[in-house]
Amino acid sequence: MQPRVTIVSPALAAANNGNWHTSARWQHFLAPVATVEVVAIGAEDGDADVLIALHARRAAATIARWRDRRADAAIVVVLTGTDLYRDLPADADARHSLECASRIVVLQEAAIARLDAKARAKAVVIVQSASALHAEHTARDADFAVVGHLRDEKDPLTVMRAARLLAAGAAPPAIVHIGAPLDARLGEEAQATMAACPEYRWVGAIAHAAARRTIARARALVHASRMEGGANVVIEAIRSGVPVLASRIDGNVGLLGIGYDGYFPVGDAAALAALMRQFRADDAFAEQLRAQCALREPMFVPAVERRAVRAVVAGLVPAPLRAR
(Lines give C-alpha, C1' and ligand atoms only; values in the text may rest on other atoms or scores of the structure.)
Protein backbone atom coordinates (compact mmCIF):
# COMPACT_ATOMS: atom_id res chain seq x y z
CA MET A 1 0.00 0.00 0.00
CA GLN A 2 1.32 3.41 -0.97
CA PRO A 3 1.83 6.06 1.71
CA ARG A 4 -0.44 9.10 1.72
CA VAL A 5 1.07 12.54 1.23
CA THR A 6 -0.87 15.77 1.72
CA ILE A 7 0.54 18.97 0.27
CA VAL A 8 -1.02 22.09 1.82
CA SER A 9 -0.54 25.25 -0.18
CA PRO A 10 -1.50 28.90 0.34
CA ALA A 11 -2.53 28.97 -3.35
CA LEU A 12 -4.37 26.56 -5.61
CA ALA A 13 -4.76 26.48 -9.41
CA ALA A 14 -6.79 29.68 -9.71
CA ALA A 15 -3.92 31.72 -8.28
CA ASN A 16 -1.53 30.60 -11.05
CA ASN A 17 1.47 31.54 -8.91
CA GLY A 18 4.72 29.98 -7.76
CA ASN A 19 3.25 28.21 -4.72
CA TRP A 20 0.65 26.51 -6.89
CA HIS A 21 3.14 25.47 -9.56
CA THR A 22 5.45 24.00 -6.91
CA SER A 23 2.57 22.07 -5.33
CA ALA A 24 1.34 20.71 -8.66
CA ARG A 25 4.83 19.72 -9.80
CA TRP A 26 5.60 17.90 -6.54
CA GLN A 27 2.27 16.09 -6.71
CA HIS A 28 3.24 14.91 -10.20
CA PHE A 29 6.69 13.79 -9.03
CA LEU A 30 5.30 11.82 -6.08
CA ALA A 31 2.22 10.34 -7.76
CA PRO A 32 3.95 7.15 -9.00
CA VAL A 33 5.16 6.29 -5.48
CA ALA A 34 2.50 7.76 -3.16
CA THR A 35 -1.14 8.77 -2.98
CA VAL A 36 -0.93 12.57 -3.10
CA GLU A 37 -3.45 15.35 -2.70
CA VAL A 38 -2.97 19.11 -2.85
CA VAL A 39 -5.32 21.08 -0.63
CA ALA A 40 -5.73 24.61 0.64
CA ILE A 41 -4.31 25.41 4.05
CA GLY A 42 -6.81 24.27 6.66
CA ALA A 43 -8.56 21.77 4.37
CA GLU A 44 -6.39 18.74 5.17
CA ASP A 45 -7.95 15.73 6.92
CA GLY A 46 -4.97 14.94 9.12
CA ASP A 47 -4.66 11.27 8.16
CA ALA A 48 -1.77 11.39 5.70
CA ASP A 49 1.58 9.76 6.41
CA VAL A 50 3.48 12.89 5.39
CA LEU A 51 2.44 16.54 5.47
CA ILE A 52 4.23 18.88 3.08
CA ALA A 53 3.40 22.47 4.02
CA LEU A 54 4.31 25.43 1.84
CA HIS A 55 4.84 28.61 3.85
CA ALA A 56 5.92 28.47 7.49
CA ARG A 57 3.79 31.40 8.64
CA ARG A 58 0.63 30.93 6.61
CA ALA A 59 0.51 27.19 7.29
CA ALA A 60 1.57 27.59 10.93
CA ALA A 61 -1.78 26.54 12.45
CA THR A 62 -1.93 23.40 10.29
CA ILE A 63 1.66 22.46 11.14
CA ALA A 64 1.12 23.00 14.87
CA ARG A 65 -2.12 21.00 14.80
CA TRP A 66 -0.38 18.05 13.13
CA ARG A 67 2.47 18.10 15.62
CA ASP A 68 0.12 18.37 18.62
CA ARG A 69 -2.04 15.50 17.36
CA ARG A 70 0.84 13.21 16.42
CA ALA A 71 4.18 13.59 18.14
CA ASP A 72 5.87 11.44 15.48
CA ALA A 73 4.17 13.07 12.46
CA ALA A 74 6.34 13.45 9.36
CA ILE A 75 6.19 17.15 8.50
CA VAL A 76 8.07 18.86 5.67
CA VAL A 77 8.04 22.67 5.76
CA VAL A 78 8.91 24.38 2.48
CA LEU A 79 10.15 27.94 3.00
CA THR A 80 9.06 30.74 0.69
CA GLY A 81 10.75 34.08 0.16
CA THR A 82 8.45 35.93 2.54
CA ASP A 83 9.12 33.24 5.16
CA LEU A 84 12.86 33.62 4.92
CA TYR A 85 13.27 37.32 4.40
CA ARG A 86 10.31 38.81 6.28
CA ASP A 87 8.43 36.42 8.58
CA LEU A 88 11.01 34.30 10.40
CA PRO A 89 12.82 37.21 12.08
CA ALA A 90 9.55 38.70 13.39
CA ASP A 91 6.89 35.99 13.59
CA ALA A 92 6.82 33.43 16.42
CA ASP A 93 4.34 31.21 14.57
CA ALA A 94 6.69 30.91 11.59
CA ARG A 95 9.57 29.99 13.88
CA HIS A 96 7.38 27.42 15.65
CA SER A 97 6.71 25.79 12.26
CA LEU A 98 10.44 25.15 11.91
CA GLU A 99 10.54 23.65 15.41
CA CYS A 100 7.70 21.28 14.42
CA ALA A 101 9.28 20.29 11.10
CA SER A 102 10.87 16.91 10.50
CA ARG A 103 12.55 18.37 7.40
CA ILE A 104 12.89 21.94 6.16
CA VAL A 105 13.17 22.60 2.44
CA VAL A 106 14.70 25.75 0.95
CA LEU A 107 14.60 26.39 -2.76
CA GLN A 108 18.08 27.75 -3.42
CA GLU A 109 21.50 27.43 -1.84
CA ALA A 110 21.80 30.98 -0.45
CA ALA A 111 18.75 30.42 1.78
CA ILE A 112 20.57 28.03 4.13
CA ALA A 113 22.50 30.94 5.64
CA ARG A 114 19.22 32.49 6.83
CA LEU A 115 18.50 29.58 9.17
CA ASP A 116 19.78 29.12 12.71
CA ALA A 117 21.90 26.09 13.53
CA LYS A 118 18.98 23.97 14.78
CA ALA A 119 16.90 24.59 11.64
CA ARG A 120 19.92 24.17 9.38
CA ALA A 121 20.46 20.67 10.72
CA LYS A 122 17.02 19.69 9.37
CA ALA A 123 17.30 21.61 6.10
CA VAL A 124 17.81 20.44 2.55
CA VAL A 125 18.06 22.44 -0.68
CA ILE A 126 15.67 21.37 -3.43
CA VAL A 127 16.11 23.57 -6.47
CA GLN A 128 12.94 23.81 -8.54
CA SER A 129 12.80 22.77 -12.19
CA ALA A 130 11.03 23.39 -15.47
CA SER A 131 10.70 21.63 -18.77
CA ALA A 132 12.72 22.96 -21.68
CA LEU A 133 10.85 25.25 -24.07
CA HIS A 134 12.62 27.04 -26.92
CA ALA A 135 11.25 29.50 -29.45
CA GLU A 136 12.69 31.88 -32.02
CA HIS A 137 12.54 35.60 -31.30
CA THR A 138 10.75 37.56 -34.03
CA ALA A 139 10.21 41.24 -34.69
CA ARG A 140 6.73 40.94 -33.18
CA ASP A 141 8.07 39.68 -29.84
CA ALA A 142 9.10 41.77 -26.85
CA ASP A 143 12.75 42.46 -26.16
CA PHE A 144 12.15 41.99 -22.43
CA ALA A 145 9.55 39.92 -20.58
CA VAL A 146 8.52 40.60 -16.99
CA VAL A 147 6.45 37.88 -15.30
CA GLY A 148 4.98 38.19 -11.81
CA HIS A 149 1.72 39.29 -10.25
CA LEU A 150 1.67 42.97 -9.36
CA ARG A 151 2.48 43.10 -5.65
CA ASP A 152 5.14 44.86 -3.65
CA GLU A 153 7.39 41.82 -3.18
CA LYS A 154 7.83 41.58 -6.97
CA ASP A 155 8.68 45.31 -7.18
CA PRO A 156 6.90 46.04 -10.46
CA LEU A 157 7.33 49.79 -9.90
CA THR A 158 11.06 49.52 -10.56
CA VAL A 159 10.31 47.94 -13.94
CA MET A 160 7.77 50.65 -14.76
CA ARG A 161 10.16 53.43 -13.78
CA ALA A 162 12.88 51.83 -15.91
CA ALA A 163 10.42 51.72 -18.81
CA ARG A 164 9.82 55.45 -18.45
CA LEU A 165 13.56 56.14 -18.42
CA LEU A 166 14.04 54.03 -21.54
CA ALA A 167 11.12 55.72 -23.29
CA ALA A 168 12.96 59.03 -23.06
CA GLY A 169 15.76 57.69 -25.29
CA ALA A 170 15.93 56.72 -28.92
CA ALA A 171 14.32 53.43 -30.03
CA PRO A 172 13.19 52.18 -26.59
CA PRO A 173 12.94 48.40 -26.18
CA ALA A 174 9.62 46.56 -26.24
CA ILE A 175 8.65 45.33 -22.75
CA VAL A 176 5.77 42.96 -22.01
CA HIS A 177 4.67 42.76 -18.37
CA ILE A 178 2.56 39.76 -17.28
CA GLY A 179 0.75 39.53 -13.96
CA ALA A 180 -2.55 40.07 -12.20
CA PRO A 181 -3.01 43.37 -10.32
CA LEU A 182 -3.05 41.92 -6.79
CA ASP A 183 -2.45 45.50 -5.63
CA ALA A 184 -4.94 47.79 -7.40
CA ARG A 185 -2.60 50.76 -7.02
CA LEU A 186 0.08 48.91 -8.98
CA GLY A 187 -2.44 48.05 -11.68
CA GLU A 188 -3.25 51.76 -12.03
CA GLU A 189 0.44 52.56 -12.27
CA ALA A 190 0.86 49.94 -14.99
CA GLN A 191 -1.99 51.55 -16.95
CA ALA A 192 -0.35 54.97 -16.56
CA THR A 193 3.00 53.59 -17.67
CA MET A 194 1.43 52.13 -20.81
CA ALA A 195 -0.09 55.51 -21.60
CA ALA A 196 3.27 57.24 -21.19
CA CYS A 197 5.44 54.56 -22.80
CA PRO A 198 4.08 53.00 -26.01
CA GLU A 199 6.75 50.25 -25.95
CA TYR A 200 5.66 49.07 -22.48
CA ARG A 201 2.69 46.69 -22.51
CA TRP A 202 1.01 45.27 -19.42
CA VAL A 203 -1.20 42.31 -20.36
CA GLY A 204 -2.45 41.28 -16.91
CA ALA A 205 -2.79 37.62 -15.94
CA ILE A 206 -2.48 35.02 -18.68
CA ALA A 207 -2.31 31.22 -18.69
CA HIS A 208 0.94 29.65 -17.57
CA ALA A 209 1.58 28.08 -20.99
CA ALA A 210 1.16 31.45 -22.67
CA ALA A 211 3.49 33.10 -20.18
CA ARG A 212 6.13 30.47 -20.86
CA ARG A 213 5.87 31.07 -24.62
CA THR A 214 6.27 34.80 -24.04
CA ILE A 215 9.41 34.21 -21.99
CA ALA A 216 10.84 31.83 -24.59
CA ARG A 217 10.36 34.40 -27.37
CA ALA A 218 11.86 37.33 -25.45
CA ARG A 219 15.48 38.34 -25.66
CA ALA A 220 15.73 38.43 -21.84
CA LEU A 221 13.65 38.14 -18.69
CA VAL A 222 13.65 41.00 -16.19
CA HIS A 223 13.13 39.87 -12.60
CA ALA A 224 13.08 42.77 -10.15
CA SER A 225 11.82 41.10 -6.95
CA ARG A 226 12.60 42.40 -3.47
CA MET A 227 12.30 38.90 -1.95
CA GLU A 228 12.10 35.40 -3.37
CA GLY A 229 12.45 31.87 -2.08
CA GLY A 230 13.63 30.79 -5.54
CA ALA A 231 11.54 32.04 -8.46
CA ASN A 232 10.04 29.56 -10.92
CA VAL A 233 10.08 32.20 -13.62
CA VAL A 234 13.88 32.59 -13.47
CA ILE A 235 14.23 28.83 -13.89
CA GLU A 236 11.75 28.80 -16.78
CA ALA A 237 13.75 31.49 -18.56
CA ILE A 238 17.01 29.58 -18.18
CA ARG A 239 15.34 26.40 -19.46
CA SER A 240 14.34 28.40 -22.54
CA GLY A 241 17.87 29.67 -23.16
CA VAL A 242 16.75 33.18 -22.19
CA PRO A 243 19.13 35.18 -19.98
CA VAL A 244 17.90 37.05 -16.91
CA LEU A 245 18.40 40.61 -15.67
CA ALA A 246 17.82 40.20 -11.95
CA SER A 247 17.79 42.17 -8.71
CA ARG A 248 20.70 41.23 -6.49
CA ILE A 249 18.80 39.37 -3.76
CA ASP A 250 19.55 35.99 -2.19
CA GLY A 251 16.68 34.30 -4.05
CA ASN A 252 18.18 35.29 -7.40
CA VAL A 253 21.84 34.88 -6.47
CA GLY A 254 21.09 31.39 -5.15
CA LEU A 255 19.82 30.40 -8.60
CA LEU A 256 22.07 32.39 -10.93
CA GLY A 257 25.32 32.25 -8.97
CA ILE A 258 27.31 34.87 -7.10
CA GLY A 259 29.47 35.71 -10.11
CA TYR A 260 26.61 36.31 -12.54
CA ASP A 261 26.96 39.56 -14.51
CA GLY A 262 23.27 40.40 -14.98
CA TYR A 263 22.40 41.84 -11.56
CA PHE A 264 21.19 45.33 -10.63
CA PRO A 265 20.64 46.80 -7.15
CA VAL A 266 17.18 46.22 -5.67
CA GLY A 267 14.80 49.05 -6.47
CA ASP A 268 17.28 50.93 -8.68
CA ALA A 269 15.33 51.78 -11.84
CA ALA A 270 18.21 53.76 -13.37
CA ALA A 271 20.58 50.79 -12.96
CA LEU A 272 18.00 48.43 -14.45
CA ALA A 273 17.44 50.75 -17.43
CA ALA A 274 21.20 50.97 -17.99
CA LEU A 275 21.51 47.17 -17.84
CA MET A 276 18.68 46.78 -20.35
CA ARG A 277 20.35 49.26 -22.69
CA GLN A 278 23.67 47.43 -22.37
CA PHE A 279 22.06 44.06 -23.02
CA ARG A 280 20.34 45.37 -26.14
CA ALA A 281 23.35 47.24 -27.53
CA ASP A 282 26.22 44.90 -26.63
CA ASP A 283 25.99 41.49 -28.28
CA ALA A 284 29.04 40.21 -26.42
CA PHE A 285 27.49 41.11 -23.06
CA ALA A 286 24.21 39.44 -24.01
CA GLU A 287 26.07 36.31 -25.07
CA GLN A 288 28.05 36.31 -21.81
CA LEU A 289 24.80 36.27 -19.78
CA ARG A 290 23.39 33.57 -22.03
CA ALA A 291 26.49 31.43 -21.47
CA GLN A 292 26.43 31.95 -17.71
CA CYS A 293 22.78 30.89 -17.57
CA ALA A 294 23.52 27.83 -19.69
CA LEU A 295 26.09 26.69 -17.11
CA ARG A 296 23.37 26.75 -14.42
CA GLU A 297 20.74 24.97 -16.53
CA PRO A 298 21.59 21.38 -15.45
CA MET A 299 20.45 22.29 -11.91
CA PHE A 300 16.93 22.94 -13.19
CA VAL A 301 16.18 19.70 -15.04
CA PRO A 302 12.99 18.02 -13.69
CA ALA A 303 14.71 14.69 -13.03
CA VAL A 304 17.02 16.40 -10.52
CA GLU A 305 14.14 17.95 -8.58
CA ARG A 306 12.09 14.74 -8.79
CA ARG A 307 14.87 12.68 -7.20
CA ALA A 308 15.31 15.24 -4.43
CA VAL A 309 11.58 15.46 -3.61
CA ARG A 310 11.19 11.68 -3.53
CA ALA A 311 14.31 11.33 -1.40
CA VAL A 312 12.95 13.69 1.25
CA VAL A 313 9.67 11.81 1.48
CA ALA A 314 11.40 8.42 1.33
CA GLY A 315 13.56 9.44 4.27
CA LEU A 316 10.45 10.00 6.34
CA VAL A 317 8.63 6.82 5.29
CA PRO A 318 11.55 4.72 3.99
CA ALA A 319 9.96 1.30 3.58
CA PRO A 320 7.36 1.95 0.88
CA LEU A 321 9.20 4.64 -1.06
CA ARG A 322 12.37 4.57 -3.10
CA ALA A 323 13.91 7.75 -4.51
CA ARG A 324 14.45 7.32 -8.23
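**Overall architecture and selected buried residues of the predicted model**

The accessible surface of the protein chain comes to about 13500 Å², and 53% of this area belongs to carbon and sulfur atoms; accessible areas come from the Shrake-Rupley method with a 1.4 Å probe, and for residues only the protein chains shown count as cover. The structure is a predicted model, in which local features need pLDDT of at least 70 and side-chain atom pairs count only at pLDDT 80 or more, whereas totals for chains, interfaces and linings use all residues. Residues are numbered from 1 along each chain as its sequence is written, and side-chain values use heavy atoms, with hydrogens and water left out.

The protein chain contains 13 helices and 12 strands, where helices (H or I, at least four residues) and strands (E, at least two) are DSSP runs numbered from the N terminus. The radius of gyration of the protein chain is 20 Å, close to the 20 Å that the globule rule gives for 324 residues, so the chain is as compact as a globular protein of that length; the radius is taken over C-alpha atoms, and the rule is 2.2 Å times the number of residues to the power 0.38. Along the principal axes, the C-alpha atoms fill a box of roughly 65 × 35 × 35 Å. Of the 324 residues, 54% count as buried, that is, under 20% relative accessible area, with exposed meaning over 50% and partly exposed in between (1.4 Å probe, protein chains only). Among contacts (heavy atoms within 4.5 Å) between residues at least 6 apart in sequence, 69% join residues at least 24 apart.

Not counting residues up to four places away in sequence, Asp83 touches His55, Ala56, Arg57, Val78, Leu88 and Pro89.

A polar atom of the Arg67 side chain lies 3.0 Å from the backbone oxygen of Ala73. With residues up to four places away in sequence left out, Arg67 touches Asp72, Ala73, Ile75, Cys100, Ala101 and Ser102.

His55, which is among the residues touched by Asp83, lies in the loop between β3 (50-54) and α2. Phi of His55 is near 90°, a positive value in a residue other than glycine, and at 3% relative accessibility His55 counts as buried. Asp155, in the loop between β7 and α6 (156-167), likewise has a positive phi, of about 50°, although it is not a glycine, and counts as buried at 2% relative accessibility.

A further loop residue, Val127, is placed between β6 (123-125) and β7 (144-147) and is buried, with a relative accessible area of 15%. Leaving aside neighbours within four places in sequence, Val127 is in contact with Leu107, Leu255, Met299, Phe300 and Glu305. The C-alpha atoms of Val127 and Gly18, 109 residues apart along the chain, are separated by 13 Å.

Key. A polar contact is a pair of N or O atoms within 3.5 Å; within protein, one must be able to donate a hydrogen and the other to accept it, and residues adjacent in sequence count only if both atoms are side-chain atoms.
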